Amino acid sequence: MASHRKEKAFILKRITRRQWIRLGAGAAAAALLITGGFVSRDFYTSNTNRTNTSSITSYSATKSDEVNQFQAASRGDARADIKAGLRGADANTSYVKVVINGNSRVVLGENFTDVKSVLDQGNITLEPDDAVSPSLTTKVNESTVITIDRAGSSIETAEKAIAFNTVEKKTDALPAGTKKVQEEGEKGIMQMTNLVTKAGGKVTSSNTLSAWVKKAPKSKVILIGTGSTQSDSSSSSSSSSSSSSSSSSTGSSNLGTTVPASDMQKWAHDYLLANGYSEADFSATVYIINHESGWDPTATNPSSGAYGLPQALPGSKMSSAGADWQTNYQTQLKWFLSYCNERYGSVQGAYNYWLANHNY
């Protein structure tokens, strides 16, 4: 039986040459898109992999927020003082932070090499069971933080009083032979931070980590009259007022005579006068040291690392006056006088600078 359906022509035979060209162009475009997609995918995947590979997996303790805050608050003060060359500091002076049972202090020194050198210059003695990080042989710089944990010990703070001085100032605003209290004295406060170890409720050891002047003492000022007697001073009101004003100005600029308040100050007073200094120089000395260290030879500022009566930066600078600089107040005072003379021309020059800048 004959078939009446038309024979199907092969579809490719029906495509004209122009259509072939169009199909070829479309296929090429599609190929480019597909290839570009694979390339782009590989590009972003590669970038993602790079990011993951370079991600931080560990953190330096010296770059923590706590350390940054410490540097801004306290180390910044130390660096500023060092840069200014205060208290004997120079370009060789460096500092490292030490944290003992959570309590921070700065250790100042020169030529730090490793952790042990810092502890030695900071006069920090280790116990056999102390845990120190990093190790004693680790090299250090100003970003290093040394941590010491002492089991069975705790940080305790205490305060002790700083005696005030009595200063006598002469004034012709008062009749000769009379005295008047211009200002009452007030004790200062020394704050101590101690590492305390106890056994059975009793203290077995207590090491002072820092001691600093929380509040400086205020001297008692007594005016000593040198003026005429009241019977001989019956001048006009305006003349009296002018004299009083002049005397008051003279009294305010007079350092006066300071009465030593301790054996330490008595030695300092006698040493100064025996070596050509004046009562005013002693008054200036007492004022500065009252504010710097409260006359504590082992005073250690936790923020700046300054040490001793004159708060030298670092304390080892005082070795130029004697090998016993760490504990001998006489050695420390001799260094103080030498420093004031060299930097400010005199002790009173250092006193005037202190009044203006609260450091010297």
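**Figure 1. Pairing of Lys 97 with Val 106.** Val 106, in strand S2, is the bridge partner of Lys 97. Strand S1 (residues 93–100) runs antiparallel to S2 and is joined to it by 8 bridges. The model is predicted: local features need pLDDT of at least 70 and side-chain atom pairs pLDDT 80 or more, whereas totals for chains, interfaces and linings use all residues. Residues are numbered from 1 along each chain as its sequence is written, and side-chain values use heavy atoms, without hydrogens and water.

**Figure 2. The open sheet of 4 strands.** The strand order is S2-S1-S4-S3, with mixed pairing. Strands S2 (103–110) and S3 (131–133) are at the edges with a single partner strand each, so one side of each has no neighbour in the sheet. From one strand to the next, the twist averages 25 degrees; axes are lines fitted to C-alpha atoms, and angles run from 0 to 180 degrees between N-to-C directions. Strands are DSSP runs (E, at least two residues), as helices are (H or I, at least four), numbered from the N terminus; two strands pair if DSSP finds at least two bridges between them.

Figure 3. A pocket is an open set of points on a 1 Å grid over the protein atoms alone, where a 1.4 Å probe fits, with protein on both sides within 12 Å along at least five of seven lines; lining residues have an atom within 4 Å of a point. The largest pocket holds about 590 Å³ of space, the volume being that filled by probe spheres set on the points. Of its 32 lining residues, Arg 105, Gly 122, Asn 123, Thr 208 and Thr 300 lie nearest the centre. S2, strand S8 (188–199) and strand S9 (202–215) each give two or more residues to this lining.
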